Amino acid sequence: MSDFTPARKTVFSGIQPSGNLHLGNYLGAIQQWVRMQEDRNSFISIVDLHAITVTQDPKELATRVRELAAVLLAAGIDPEKTTLFVQSHVRAHAEGSWLLSCVTPLGWLERMTQYKDKSAKQQSVMTGLLTYPVLQAADILLYDAHEVPVGQDQKQHIELTRDIAQRFNHMYGETFVVPEPVIRKDGARIMGLDDPRSKMSKSEAGSGHALLLTDEEVVLRRTIKRATTDSGREITFSEDAERAGVNNLLTIYQLLTGKDRSGVEADFKDARGYGDLKTTVADLVVEKLAPIRAACTRYLDDPAELDRILQKGADRARAVAEPKLIQVKERMGLAVPAALL
Ligand code: TYM
């Protein structure tokens, strides 16, 4: 059940409401969250405060938060097992981020590759883009999370979180659990179908790149049919950069079937080239995503129920994050007056 059980491990992860969810998010992160919620204290946050590190249309942002909640629930996040909440509904995150920023050397943040990539694309870079990973550290550390299931691109941020926790513990005494990233061996980096050298991402404009969890069947089939492959015929896993497109399709197939690599290769033993591979992968993707799309529509048709789930999630998150924040403040010498408790 959702109630906090101290004997269990705690997992925390987050996802930005900055566009539609794609198969990379699903296979790299959400599938793990759905599995882990069975035997962990599980917290999943829709990180709207992270999303505003780049300019967002205010009206659209509110809609996207709801849509993301609907897709997560449709994809198997069970609000009875996972505390699903919106980050900005729990004030401790922003406050905790400030406290942690005061123990985080600037050089640590300037080294983050995601900051370097994103800031290079902006004309004017906001401070929040630089301090983004400190907020992420606050997210995780406020819940004493042991495990943080993420895709490969978040590894550096989780390592930074560990460094911040260790530094704080060293300066002020044992306060935080030092969390471990949980990154699956296969599927931690699903690639774009149009360009298998770049990871599938929400911000990548244009069709043909990502498979969205809410895409219609025709769009899914078209995107897979046009996926970039190579001039060969062999349907096997490969680390060879030339064959990254086929490898990516096989990885998607592997994770959606739950088979191991040799089982996957055996399935394609008699296939007659990449056309067959694409058709089989497309059939599977359509079959797996159809129920998610249908469930998502049901949630979106009932906004009151969505709001109720998110409100309950925020209440439960606050009950864990706020006492932790008070402990952190006390450690730092910021005594909390009784009137504020
Ligand atoms: P975000 O919203 O970019 O992505 C959500 C999750 O999806 C994973 N992911 C992928 N996995 C495999 N292949 C891909 N192509 C792919 N693209 C995305 C991401 O690794 C991530 O796990 N900063 C985070 C959100 C965050 C967070 C946190 C995560 C905020 N606070 C605390 C963990 C803990 C982000 O922008 O994820």
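Guide: Helices are DSSP runs of H or I with at least four residues, strands are DSSP runs of E with at least two, and both are numbered from the N terminus. The model is predicted, so that local features need pLDDT of at least 70 and side-chain atom pairs count only at pLDDT 80 or more, while totals for chains, interfaces and linings use all residues. Residues are numbered from 1 along each chain as its sequence is written, and side-chain values use heavy atoms, with hydrogens and water left out.

Visitor: How many helices and strands are there in the protein chain, and what is its radius of gyration?

Guide: The protein chain holds 13 helices and five strands. The radius of gyration is taken over C-alpha atoms, and the globule rule used for comparison is 2.2 Å times the number of residues to the power 0.38. For 341 residues that rule gives 20 Å, and the chain is therefore as compact as a globular protein of that length, since its own radius of gyration is 21 Å.

Visitor: What share of the residues of the protein chain counts as buried?

Guide: Along the principal axes, the C-alpha atoms fill a box of roughly 70 × 45 × 40 Å. The accessible surface, from the Shrake-Rupley method with a 1.4 Å probe, comes to about 16,400 Å², with 50% of it belonging to carbon and sulfur atoms. When buried is taken as under 20% relative accessible area, exposed as over 50% and partly exposed as in between (1.4 Å probe, protein chains only), the buried share of the 341 residues is 49%.

Visitor: At what angle do the axes of helix α10 and helix α12 cross?

Guide: Two packed helices are described by the angle between their axes and the distance between the axes. Axes are lines fitted to C-alpha atoms, for helices over the stretch in contact, and angles run from 0 to 180 degrees between N-to-C directions. The axes of α10 (residues 244-257) and α12 (residues 274-300) come within 10 Å, and they cross at roughly 35 degrees.

Visitor: How many nonpolar residues has the contact of α10 with α12?

Guide: Contact means heavy atoms within 4.5 Å, and the residues that make it include L249, Y253 and L256 of α10 and L277, K278 and V281 of α12. Ala, Val, Leu, Ile, Met, Phe, Trp, Tyr, Cys and Pro count as nonpolar, Asp, Glu, Lys and Arg as charged, and the others, Gly among them, as polar. On that basis there are two polar and two charged residues, and the number of nonpolar ones is 11.

Visitor: With which residues is E174 in contact, leaving aside its neighbours within four places in sequence?

Guide: E174 sits in the loop between α8 (155-172) and β5 (180-182), and at a relative accessible area of 63% it is exposed. Its C-alpha atom is separated by 9.6 Å from that of R331, which stands 157 residues away along the chain. With the neighbours within four places set aside, the residues in contact with E174 are N169 and R331.
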